[in-house]
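Hello,

Here is the structure we spoke about handing over. My notes on it follow below.

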Amino acid sequence: MLDELVVYSSSPEDHALHVREVLSRLQRSGFTLNPDKVVLGASEIKYLGHLLSSCGVKILLERVTAIKKYPCPTNLTSLRRFIGKVGFYARFIPGYADTAAILHDLKKNEVAFVWREEHQMAFDSLKRALCEAPVLQIPDFNREFVLVTDASDLAVSAVLHQKVNGALAPIAYYSRVLTAAERKYSTYEKECLAVIFGCEKCRSYLEHKEFELHCDNLALCWLLRKVKDVGRLGRWILRLAPFKFKVKHTRGVDNVLADALPRMYEGGSDENVEVSCGALLESLPLVYSSLKEHPENDAFCMEVLKKIQDKQTGVDNFQMHKGLLCYFPKRLRRRRWVVPPVLRPMLLKYFHDAVLAAHLSAWKTYHRVASNFW
């Protein structure tokens, strides 16, 4: 018994030939088709919760609407139900595992279910990401595949691309949360683990021909030279044996915003802050230098500053640091500088439109800004 059978072609003429061949083989094998469920010559079809068309693969609109209206989880059961629904479309969401990691932490046995602000932010981000999900390309096995891998302290991720009209077009996004043991790995090991994860996740696409591998760490090159000396990493080499690829290293100097900016302003003196800014574009130092002046003309900032000075309640998450107003909830262990509305367009323009910003998606741009600013 076959539940679903799809025949797709690049032209009507080819499609007629392909359908005739498939029907002939089904007949010779003794299969019977239900005429009421047969659709011929369609330009787009619904298939396993997706919409397939000549443009690529999309999420069904009714599925997106249902998730968009999904209420905030109030217990572990509803949280698991939400993660299950969203996880089905994880391949449409860049960095899904990183975003969902904090929600997965609530599922641990030793953790009490307490819904905090950071959980709400992750919940909203996942719903928003699905509503803005990209159209994924249908893989063409006549084109070269490009696998881009990355690792963070929380997750590993991989994006499978193909070059279309000179640009990289995404086919699928993959990611998973690191286990407690894996989070203790060194940076080299995490980057290598991301390569292993990406290759095995995309095995059906990559195993048959050479592909291009992009990673922002020299870990893989180092690993290939040290096979006999590195224990676990050496064993990982065996898992890469079936794949044939050429490595393209993305240097840190070419990845300034993704690597350096999240670490700017973590400790250090004011002098160090100015030097870090000066190494980048001119607009960013203007944003930072104005953070001391513009709050004086902003009603919200002035109200918060007054409450801090008068030691009033209700502003426990705000504090003054190095003469600047910052948002610093103790549970997050990270300061974020408060940006008045008048400076926000300049900040967004820098993080999205600047030469080094790479014009990333709404979610990635938001994530960069939100890591340092409130």
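**Salt bridges and other findings**

Lys 307 and Glu 303 both sit in helix α13 (residues 299-309), 4 residues apart, which is about one turn of the helix. Please keep in mind that this is a predicted model. The side chains of Lys 307 and Glu 303 form a salt bridge, at 3.5 Å from N to O. Lys 307 is partly exposed at 24% relative accessibility, and Glu 303 is partly exposed at 45%.

An α-helix has 3.6 residues a turn, so residues three or four places apart point the same way.

Glu 21 is partly exposed, with a relative accessible area of 37%, while Arg 25 counts as exposed at 51%.

Another salt bridge joins the side chains of Lys 306 and Asp 310, at 3.0 Å from N to O. Lys 306 has a relative accessible area of 49% and is partly exposed; Asp 310 is partly exposed too, at 41%. The count for the model comes to 8 salt bridges.

**Cysteines**

The count of disulfides is 0. A disulfide would need the two sulfur atoms within 2.5 Å. Cys 199 counts as buried, at 1% relative accessibility, and Cys 202 is buried at 0%.

**The sheet**

There is an open sheet of 3 strands in the order β1-β2-β3, with antiparallel pairing. Strands β1 (44-47) and β3 (56-59) stand at the edges with a single partner strand each, so one side of each has no neighbour in the sheet. From one strand to the next, the twist averages 25°. Strand β2 (residues 50-53) pairs with β3 in the antiparallel sense over 4 bridges, and Leu 51 stands opposite Lys 58 in β3.

**Helix α14**

Which residues of helix α14 (residues 344-353) are buried? They include Leu 347, Tyr 350 and Phe 351. Seen down the axis of α14, its buried residues fall within an arc of 85°, so they line one face of the helix. Pro 345 and Lys 349, on the other side of α14, are exposed.

Regards

Notes: Residues are numbered from 1 along each chain as its sequence is written. This is a predicted model: local features need pLDDT of at least 70, side-chain atom pairs count only at pLDDT 80 or more; totals for chains, interfaces and linings use all residues. Side-chain values use heavy atoms; hydrogens and water are left out. Buried means under 20% relative accessible area, exposed over 50%, partly exposed in between (1.4 Å probe, protein chains only). Helices (H or I, at least four residues) and strands (E, at least two) are DSSP runs, numbered from the N terminus. The arc is that of the directions from the helix axis to the C-beta atoms. Two strands pair if DSSP finds at least two bridges between them. Axes are lines fitted to C-alpha atoms, for helices over the stretch in contact, and angles run from 0 to 180 degrees between N-to-C directions. A salt bridge is a side-chain nitrogen of Lys or Arg within 4 Å of a carboxyl oxygen of Asp or Glu.
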